[in-house]
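Good morning. Please have a look at the screen before I start.

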Amino acid sequence: MTKKCSRTVTAAMRATAVANAKRFEWAKRERDAIVKRAAPILKMSDKHLWELVPSQELPRTVHVQLLRGNNRVSSCPNCGPILKYGNYPWICNVESMPWKIKCPNCHEVYPKNDFGAYYRSALDRHGFFRRGAGDPRLLFNVEHPDPDDPLHKAWVDDGYGYNDPQTGRWDFIAYYVQWGLWPYIRNLVTNAAEAYCVTDDPRYAHKAGVLLSRIADVYPDMDWAPLNRLGFSHSDGGSGAGRIEGQIWETRNAFAYSLAYDRIYDAISRDYSLSKFLDKQARKHDLPSLPSPAAVCRHIEEDLLLEFYKSARDGRIRGNEGMCQAAMIATAIALDREGKTEEILDWVFAPDETPYRPRQPGYDRKGGHVPQVIVGLMDRDGLGNEGAPGYSCWGLSLLPGAELLRAYTKYRKHDFFRDFPKFKQVFLAPTRWCCLDEVTPPIGDSGILGGWKAVGRRAHAFQVAFEIYGDPIFARYLYREVGKKIERIHGSIYDADPLAIRAKVEKVINEEEPPLQSGFMDGFGLVILQAPQRRWGRAVWLYFGRNTGHGHTDRLNLGLYAENIDMLPDMGYPEYASGRPRDLAWTRNCASHNVAIIGDENQRRSYTGHLQAFEPEGRVRFATVSSDDVYPHSKTYSRTPIMVDVDERRSYVVDVVRLRGSNVHRLMWHGPPGTLTIPDVDLKPQSRGTFAGEDVPPEHLEKDWPRKPGYSFLQQVKRCADPPRIFYADYKAEDIRNRFSPGAEPHLRIHSLTPLSEVATAVGEPPQNKPGNPKWLNFIIQTRTGDDLESLFINVLEPYDKTPFIESVRPLRVVSDDSAGMVAAVEVTLTDGRVDTIVSIERSARVEVENGLAVEGTFGFVARRGERVEFAKLCGRELRIGSFRLEGLVTAYRGKVIRLDVDDPYDQRVVVSSDLPLPESLAGRTVFFSNDGVQDAAYVIVRVERNEEGYVISTGDVTLARGFVDPEDYSKGFVYNVRPGDPFVIPTHIYVELTEGDRYKVSANAPVKATVPLTNNGR
């Protein structure tokens, strides 16, 4: 049975849209904006639209010069490098500059010939461009028409580039076709289809139908592979496969054109004027006849939509996860053909049993493997198998398909929302990985240096999630994403009652906004510590997730937000993600990040580190993460950031890094762009070379450079071979992102407390194609050397505005037995007279420090004014200083897993045994399971209950499954991240703080015994 009607926007929905535009001002504005975007197409003749569409032999490319595999940068023949204008900087405008591209810097226009005339002369009887078939007399520089002029043939492009003897091939026309012509065509189609839907005016559908039919003429021949072999570049993921575009971006063509066809179907299926014009063109150009509207629709379906499906199976359409699946759902529903639609939708969910070989004849992908994508590839935090937020939130790419499928009532075998409870985490993730509720750490190929952006936060996604799941958190974030203007919240223009959602949101947002909270995403690999105040936000983040895919080799990279800027800005997205050595050897490499480096080697590629401690309560909060095997010769690699609040506005961070193995350890730092001063260190300029050595020139790559950390990119080196034990470096920030308040002067002081063999400074270049990025960043390299080295790097980070708030810092002598491992003990004296003592112990033990503080456990902290303790924290058995004493009667709850109870996906339960009773107060604490190590296994406890077997620990809707036993046979069940017999531990903590009225407030999750001195009030 063939298609009968539009499915994604029905006739009834179009009528509703027309009515809503009369009822609601917002709907009228939406309609008017759509009509304005579509207005140009009504002025174009059908013949002009038909002739717009190019064919296979007119190349497409994303770069004017090929960049893959070399360090050349985007350039203009006239003015040189134009990298600062972006990855794809040339200006294209089909209407005002047909067949030309313009340099954004010098405004020179290329190519210099009249390619439009040459193009028309190269069309065959079908109206297809044929390489080399044009009139060669038209291939000359119109600015130098004299054949004897030496520039007569300069910068002339026949569609396959201009070959300059000195600089190689320049692909002006192919770039124009990619970034100008094809996007222009796609926008014309989608804008016209939208305009038809909101106006019910068939003129728009008619124009879109002309373009879709002509695209269907050329599409069966469209194949990216031959162009790839000719040296053009595209989004093919290195496969060389694609159609109009590389296989990744081709998904957007399949999605857009499928959806547009379905939405205009009601009009073009009875548009005889359309079929009359198209049939006339077909006869004129020796193409198959299109004598009726039914023939036109069949042509679009057979030669475009079914070609999309064919390409999804043969590998020419295959984007990042979510993209291809959503495109095929759109294609299937647009076909709306009995048997075929069901086949395609079944394929979307079927296992992918075929090894990925897209360039081999006979390759046939067996399924879109959606269950494997969500259950196996997506982690329990709802994020994909990439190391960068912008890429790992590909679950949102499934949302358009999920919505289409849910609304398509003819197919009920699968439903993303119904069948995959983990899908909810896709919408929660963008709320969880934000610092200060405003900015996502620029991990991996993500963001710009010093940028301030929340990744994955979309009002529409939150609205859908709220409607589906009913969780109030989605209502709060929806409200935030529309600028806290309730009038901006409404349903679709096609909804019969578009204001119903607004009333539901209003019920939620009347509550007071909660304070900021620390948290972690152990599936993704991110921990965030932040102060609760929203007005003066301060946050520390530590990344320990994937360093593969679009990730960087930056395991245990540290970030800091304070004073409204990024104090430890990551390099972010490289100049290009196309495999250039410069991007791999520098921007994505260890040395460009705030990480420790062991043995002057690059990190191994792996999935995750391991969260070992997370203690967020009170005014001192910390986490410990390890990744001992990430360097080839490391035995210990762990980092403990400790965030301490000074007052409502300010905090400092004690950063503790523990390293073992190899003979050289380095800790890399780069603060905000600006000036760097190190007052007490005698730095001597290195006469030449780079940090890799005096004889190593800038950006030099050794044969084994992929195993090196990238030191040859650190230039203008200064060194001090015998630095003092205690010194500080001060970064005075430059306002590159317009974030300074009037009169503000943000600084970052880094207080170094580590015995070093050397301290050095250097400059490194961030990506230069990101607007606002500085030319250089100032780096500090702390180095320790020795045989079978053991290092304890201790640094105190002090972000401040104009005036420092730390008077002094000093390391404290420690007395402990060998069982303690490396112990960091620091005293921080503030300018207001408060004295803080911080003790971080590698392995639980009893230690004493020189100022009289004794700690038995893994962590102790005390803040004092004179003898008076303002607040203190203990993770362990005892903390004592003077007459102040805290004693934990239970230092940890331990036991083993008996079994899993995972029948309810929204209440994942682990039944455990324990030698100690597990109190209900453990809700909100972290449980650490010792599992097989494939993925880390730290979970937030939602609830603890007692049953006949022992105790039940609920992780709520955070799944315990991590994949399928057999990704090619879903019926074999799941692999779980926690298994019977696995040990677990729930650490305890004690936090006390002196409140108004001179009383101590106690927060603890275990029995506590405390001895405190009498205050002035005798309490």
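How much accessible surface does the protein have, and what share of it belongs to carbon and sulfur atoms? The accessible surface comes to about 38,800 Å², and carbon and sulfur atoms hold 49% of that. Accessible areas here come from the Shrake-Rupley method with a 1.4 Å probe, and for residues only the protein chains shown count as cover.

Some ground rules. This is a predicted model, in which local features need pLDDT of at least 70 and side-chain atom pairs count only at pLDDT 80 or more, while totals for chains, interfaces and linings use all residues. Residues are numbered from 1 along each chain as its sequence is written, and side-chain values use heavy atoms, with hydrogens and water left out.

Now the overall picture. The protein has 21 helices and 45 strands; these are DSSP runs, H or I of at least four residues for helices and E of at least two for strands, numbered from the N terminus. The radius of gyration is 32 Å, close to the 31 Å that the globule rule gives for 1019 residues, so the protein is as compact as a globular protein of that length. That radius is taken over C-alpha atoms, and the rule is 2.2 Å times the number of residues to the power 0.38. Of the 1019 residues, 61% count as buried, meaning under 20% relative accessible area (1.4 Å probe, protein chains only).

Next, the inside. A nonpolar core is a set of buried Ala, Val, Leu, Ile, Met, Phe, Trp, Tyr and Cys residues joined through side-chain atoms within 4.5 Å. The largest one has 173 residues, and Leu304, Met328, Phe416, Phe423 and Phe427 have the most contacts inside it. Helix α5, residues 172-199, gives the most to this core, with 18 residues. Apart from that core lies another, of 67 residues, including Val527 and Tyr637.

Is β33, residues 884-888, mostly covered or mostly open? Mostly covered: four of its five residues are buried. On one side, β33 pairs with β32, residues 868-881, in the antiparallel sense over four bridges; strands pair if DSSP finds at least two bridges between them. Phe884 in β33 is the bridge partner of Ile881. Two residues lie between the strands of this hairpin, and Gly882 takes a positive phi near 60°. β33 also pairs with β45, residues 1008-1011, again antiparallel over four bridges. There, Thr1011 is the bridge partner of Arg885.

Technical notes
Buried means under 20% relative accessible area, exposed over 50%, partly exposed in between (1.4 Å probe, protein chains only).
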